[in-house]
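Look at the sequence and the fold together.

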Amino acid sequence: MSIIAEFSHNHLGDLNLLKDMVFAAANAGAKYCKIQTHFAADLTPDWKGQAERVKKYELDWDAHAQFVAWCRRAKVIPMTSVYTFRYAEKLNQVGFRHIKIGSAQAGDDDMVRRYLLLGFKVVLSTGGHAIKDIPRLGPLEAVLHCVSQYPTHPHKANLCRMHDLMVKFPNCQVGFSDHTHYTNQNHVAKTAILLGADITEKHFTLKAHDATKDGPVSVDPTSLADLCKFEKKSIEERLAESEAYGLFRYPQGEDEIKLIKEHKTKWQA
């Protein structure tokens, strides 16, 4: 079992902050640290209005390479989210071997297959998709259940879908990408681990929770360390500590499905 610390835009484009996040997440016990590889120039015409905001959080290729170096020094695995195949060669050159394909692109069989053929270890996220629509390609590193709307209500985390993913992907790690509010105190993530999540992803921040767009769904170093410690506990210890959140099966909301459909058109192929 392992934890992904997702940095998203919480580094604010500040490389000093990004470096501090790597070592703080590693110290808390994360196995992976993850950034996002996207550039304002790649936005499709319908999304050009987001260009100024996206530009603020871009990390150039020198920053990507520096991130990989920091991760290696901190003894964590560098990972990035990708939205197009066009930078695959560059990602390989700067040292990435692990990528995540987010929910909006998870049904893009061609992109998933091409990354796999290049030897990348690919994690898929499934928010907004029917499980039947997730490509059964391999060998995938992991498939993560998530609810893509931020923040996810703890009781609507729909963790039963992890079991459905385990049935569809019996030879693949299955996990959970948690977008519940930080005040949830890891209850949903802990329940997911108790149910057998091999990988759990949490947004991570060193800033105040209201300082960034993803801050409300991000954990701080103390909360991340708490989750990493929980992961290493025995089943009996986990049962004693865990509260059963997110176990009810909810149909995917129309708002989430609409959100993912819209984001499928955000980036140029």
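A residue is called buried under 20% relative accessible area, exposed over 50%, and partly exposed in between, using a 1.4 Å probe and protein chains only. R53 has 25% relative accessibility, so R53 counts as partly exposed. The model is predicted, so local features need pLDDT of at least 70 and side-chain atom pairs count only at pLDDT 80 or more, while totals for chains, interfaces and linings use all residues. Residues are numbered from 1 along each chain as its sequence is written, and side-chain values use heavy atoms, with hydrogens and water left out.

R53 lies in helix α2, residues 51-57. Helices (H or I, at least four residues) and strands (E, at least two) are DSSP runs, numbered from the N terminus. Apart from neighbours within four places in sequence, R53 is in contact (heavy atoms within 4.5 Å) with H9, K213 and K266. The side chain of R53 also makes a polar contact with the side chain of Q50, at 2.8 Å. A polar contact is a pair of N or O atoms within 3.5 Å; within protein, one must be able to donate a hydrogen and the other to accept it, and residues adjacent in sequence count only if both atoms are side-chain atoms.

Now turn to helix α1. It covers residues 15-28, which is 14 residues, and reaches 20 Å from its first C-alpha to its last, close to the 20 Å expected at 1.5 Å a residue. The expected span is 1.5 Å times one less than the number of residues. Just after α1, G29 takes a positive phi of about 115 degrees.

Which residues of α1 are buried? They are L17, L18, M21, V22, A24, A25, A26 and A28. These buried residues pack against β1 (2-6), β2 (32-37), α3 (61-74), β8 (199-204) and α8 (221-231).

The axes of α1 and α3 come within 9 Å and cross at roughly 25 degrees, which makes α1 roughly parallel to α3. Axes are lines fitted to C-alpha atoms, for helices over the stretch in contact, and angles run from 0 to 180 degrees between N-to-C directions. Angles under 35 degrees count as roughly parallel, over 145 as roughly antiparallel, 65 to 115 as roughly perpendicular and the rest as oblique. Residues making the α1 and α3 contact include L18 and V22 of α1 and F67 and W70 of α3. α1 and α8 pack at about 35 degrees, with their axes 8 Å apart. Here A24, A25 and A28 of α1 meet P221, L224, A225 and C228 of α8.
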